[in-house]
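Thanks, everyone. Let's get the model up on the screen and walk through it.

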Amino acid sequence: MTVHTAHPPGFAHQFEDMEQQREAGSLGMWVFLLTEIMFFGGLFASYIIYRALYLPAFEIGSHLLEVKFGALNTAVLILSSLTMALAIHSAQVGKRRAQVGFLIATMILGAAFLAIKFTFEWHHDYVEHLVPGFGFIIRPEWGAAGQHVPMFFCFYFFMTGLHAMHMIIGIGLLTVLTVMAHRGRFTPEYYAPLEVSGLYWHFVDIIWIFLFPLLYLIGGRYIGGGH
Amino acid sequence: MSGHIVSVKLYLGIFVALLCLTALTTGVAYIDLGAFNTVAALAIAVVKMLLVVLFFMHVKYSGRLIQVFILAGVLFLAILVTFTLADELTRHWSPTPTGWGMLAPFLLRFF
């Protein structure tokens, strides 16, 4: 009989060693993220088709979005991805207080993204009657393409809405992680919850990296010099 | 033994590169490049995605199994988009069916 050596905290017995456990955890998270790719992929595929069918309307719609808020939010999300990566780095080198600090920073940046999205963009769109189903007004200056502009805004609100929902879930995950990190649950040997939640957070960042050019930028910004 | 540790310096470098690419893609959108505007925007987005996936998500240092799984996911997304477009964009290639009447010239040959 082999000597039963002390095993690291968080080690589950069905695995050979911590390395195998970590790999299995990441693989499982990636499988979930692949289903998320297909989930968002349906929206992206239909966006491409309807954009091809109603290009003038999509360009009018894109012009009505504010690039500055889209670009600012991209920067905020990229910074939050950096702080998330640094939180995991802090766990790997065994710095507990830095972990908590970076996790809180990530949460604040995520909340800042949502605040910019909701107050400066969605609320502004509502006031401007650009929300389909909530008093959308087709403007005469849009011409014949005007009847299809609500289609663009349906995509805009569903895509950014689904993304925002993922952000809210992410902030919920970060809240739990912050408490766990504060209690010293993560060690250089075991930080799987941080690692897989980090994968989720970066995935949501990647979705926005594609939404930003698709919704804000490729609508022929140069026509008439933008705003 | 813990997983591969990426240095803080590299993380900061990736972060700066991502910010520069965001500024670049925003700037390029205001220059009239015709159809190339869309190509440039998506190409920059793909580069940014690769930076996040390879370094922030540690895929560069992950095992082959995870890398193969991710490629499979990308492949299925490509199938989803390509096949849907192949249907939608080629519908006008064949004539619109007009019911059984279109078979008349063929059937009349037997009478």
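One definition to start: a residue is buried if 20 or more other C-beta atoms lie within 10 Å of its own, exposed if 12 or fewer, and partly exposed in between, with C-beta atoms placed from the backbone. By that count, 17% of the 111 residues in chain B are buried.

This is a predicted model: local features need pLDDT of at least 70, side-chain atom pairs count only at pLDDT 80 or more, and totals for chains, interfaces and linings use all residues. Residues are numbered from 1 along each chain as its sequence is written, while chains are lettered from A and ligands numbered from 1 in the order in which they are written.

Stay with chain B. Chain B has four helices and zero strands (DSSP runs, H or I of at least four residues for helices, E of at least two for strands, numbered from the N terminus). Its C-alpha trace spans about 85 × 45 × 15 Å along the principal axes.

Now chain A. How do helix 5 and helix 6 of chain A cross? The axes of helix 5 (residues 149-182) and helix 6 (residues 192-217) come within 10 Å, at roughly 155°. Axes are lines fitted to C-alpha atoms, for helices over the stretch in contact, and angles run from 0 to 180 degrees between N-to-C directions. Helix 5 and helix 6 of chain A are therefore roughly antiparallel (angles over 145 degrees; under 35 is roughly parallel, 65 to 115 roughly perpendicular, the rest oblique).
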